[in-house]
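User: Please go through this model with me as a set of questions and answers. Start with the terms, then go on to the particulars.

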Amino acid sequence: MNFEKKAPIREGKAKILYETAHPDHIIQYFKDDATAFNALKKGTIKDKGVLNNSMSSWIFQYLQKQGIPTHFVQKLSDREMVVRKVEIIPVEMVVRNKAAGSITKRLGIAKGTPFEPPLVEFFYKSDALGDPLIGEGHILYFKWATEDEMQTMVKNTLLVDHYLRTVFREVGLELIDFKLEFGRCLKTGQLLLADEFTPDGSRLWDLKTGEPMDKDRFRQDLGGVEEAYQEVYRRLETYFKDRL
Ligand SMILES: Nc1ncnc2c1ncn2[C@@H]1O[C@H](COP(=O)(O)OP(=O)(O)O)[C@@H](O)[C@H]1O
Ligand SMILES: [Mg+2]
């Protein structure tokens, strides 16, 4: 297939999307740009785009293999992957296995408090509004997703949690929480896991030390940001070597 890069469609905070010669396929280009606190804090993490492109490729291939439909088609280069073009559902699906980040302040829950079973939250994907927390009622009322799509998104989000908790535990990391986006395949309407899975949108704590190994190092100026991304990359590389 012809995956020649054509005009840019959209530039987001961490990625650029390009058209290809094939109407159902687009290219996701991963940048080194990093933002936090609704883009109030901006910077770059050296080689993040290269590492995230690989990590997301492995994880999406792995999830696909476990039966979760994703937009992933193939890795194209260091910073580029080909994905199926979708109509993104403007809802960020968040799973929490332990309390960290916004929920600790919003509900006064101590950091590290376990959620068993995992807690699922929904956020409206809107930079202008700062991605507010919403309920299922809003999603159905405003027709951001149908009841069927909601069911599939929740089911697949919990499956992703189930599979990836095991993956990360095997490489000495605890999957604390993460964010997913889903979209409708333009061609078939099928709901696909889209966007990315990287340390930008997840919290990963080292099992031995409890140290964060994700974008919290950038958010909180903890130092060792590049090293943390590289370390997660190295561990996943070893894990996925014979598993994809
Ligand atoms: N397969 C896809 N088809 C169309 N849009 C996608 C697909 N996967 C991800 N996207 C969208 O592309 C953008 C990716 O760029 P990113 O820099 O992460 O944006 P943002 O600033 O919104 O986080 C996001 O808006 C995401 O919803
Ligand atoms: Mg994004």
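Analyst: Helices (H or I, at least four residues) and strands (E, at least two) are DSSP runs, numbered from the N terminus. This is a predicted model, in which local features need pLDDT of at least 70 and side-chain atom pairs count only at pLDDT 80 or more, while totals for chains, interfaces and linings use all residues. Residues are numbered from 1 along each chain as its sequence is written, chains are lettered from A and ligands numbered from 1 in the order in which they are written, and side-chain values use heavy atoms, with hydrogens and water left out.

User: Where does aspartate 47 lie, and what is its phi?

Analyst: Aspartate 47 is in the loop between E5 and H1. With a relative accessible area of 30%, aspartate 47 is partly exposed (buried means under 20% relative accessible area, exposed over 50%, partly exposed in between, with a 1.4 Å probe and protein chains only). Most residues other than glycine have a negative phi. The phi of aspartate 47 is positive, near 65 degrees.

User: What phi does alanine 39 have?

Analyst: Alanine 39 is found in the loop between strand E4 (33–36) and strand E5 (41–44). Its relative accessibility of 25% makes alanine 39 partly exposed. Although alanine 39 is not a glycine, its phi is positive, at about 70 degrees.

User: Which residues does a cis peptide bond join?

Analyst: Most peptide bonds are trans. The cis bond here has an omega of about 5 degrees, and its proline is in strand E10 (residues 114–124). The residues joined are glutamate 116 and proline 117.

User: How many of the residues of H1 are buried?

Analyst: Helix H1 (residues 48–65) reaches 25 Å from its first C-alpha to its last, close to the 26 Å expected at 1.5 Å a residue (the expected span is 1.5 Å times one less than the number of residues). Just after H1, glycine 67 has a positive phi of about 100 degrees. H1 is largely enclosed by the rest of the structure, because the buried residues number 14 of the 18.

User: What distance separates the closest N and O atoms of lysine 187 and aspartate 24?

Analyst: The two residues form a salt bridge, that is, a side-chain nitrogen of Lys or Arg within 4 Å of a carboxyl oxygen of Asp or Glu. Lysine 187 is in the loop between strand E12 (173–185) and strand E13 (191–194) and aspartate 24 in the loop between strand E2 (15–20) and strand E3 (25–30), so the pair ties together parts 163 residues apart in sequence. Lysine 187 is exposed, at 65% relative accessible area. The closest N and O atoms of lysine 187 and aspartate 24 are 3.6 Å apart.

User: Are aspartate 200 and lysine 48 buried or exposed?

Analyst: Aspartate 200 and lysine 48 form a salt bridge, with the closest N and O atoms 2.6 Å apart. This pair links distant parts of the chain, 152 residues apart: aspartate 200 is in the loop between E13 and strand E14 (202–206), and lysine 48 is in helix H1. Both aspartate 200 and lysine 48 are buried.

User: Which residue forms a salt bridge with lysine 98?

Analyst: The closest N and O atoms of this pair are 3.0 Å apart. Lysine 98, at 23% relative accessibility, is partly exposed. The partner of lysine 98 is glutamate 174.

User: What share of the accessible area of ligand 1 does the protein bury?

Analyst: A side-chain N or O atom of histidine 71 is 2.8 Å from a nitrogen atom of ligand 1, and a backbone N or O atom of valine 86 is 3.0 Å from a nitrogen atom of the ligand; a polar contact is a pair of N or O atoms within 3.5 Å, where within protein one must be able to donate a hydrogen and the other to accept it, and residues adjacent in sequence count only if both atoms are side-chain atoms. Taken alone, ligand 1 exposes 550 Å² (Shrake-Rupley method, 1.4 Å probe; for residues, only the protein chains shown count as cover). The share buried by the protein is 92%.

User: Which polar atom distance is found between threonine 157 and the backbone oxygen of methionine 153?

Analyst: Threonine 157 is in helix H4. At 0% relative accessibility, threonine 157 is buried. A polar atom of its side chain lies from the backbone oxygen of methionine 153 at 2.6 Å.
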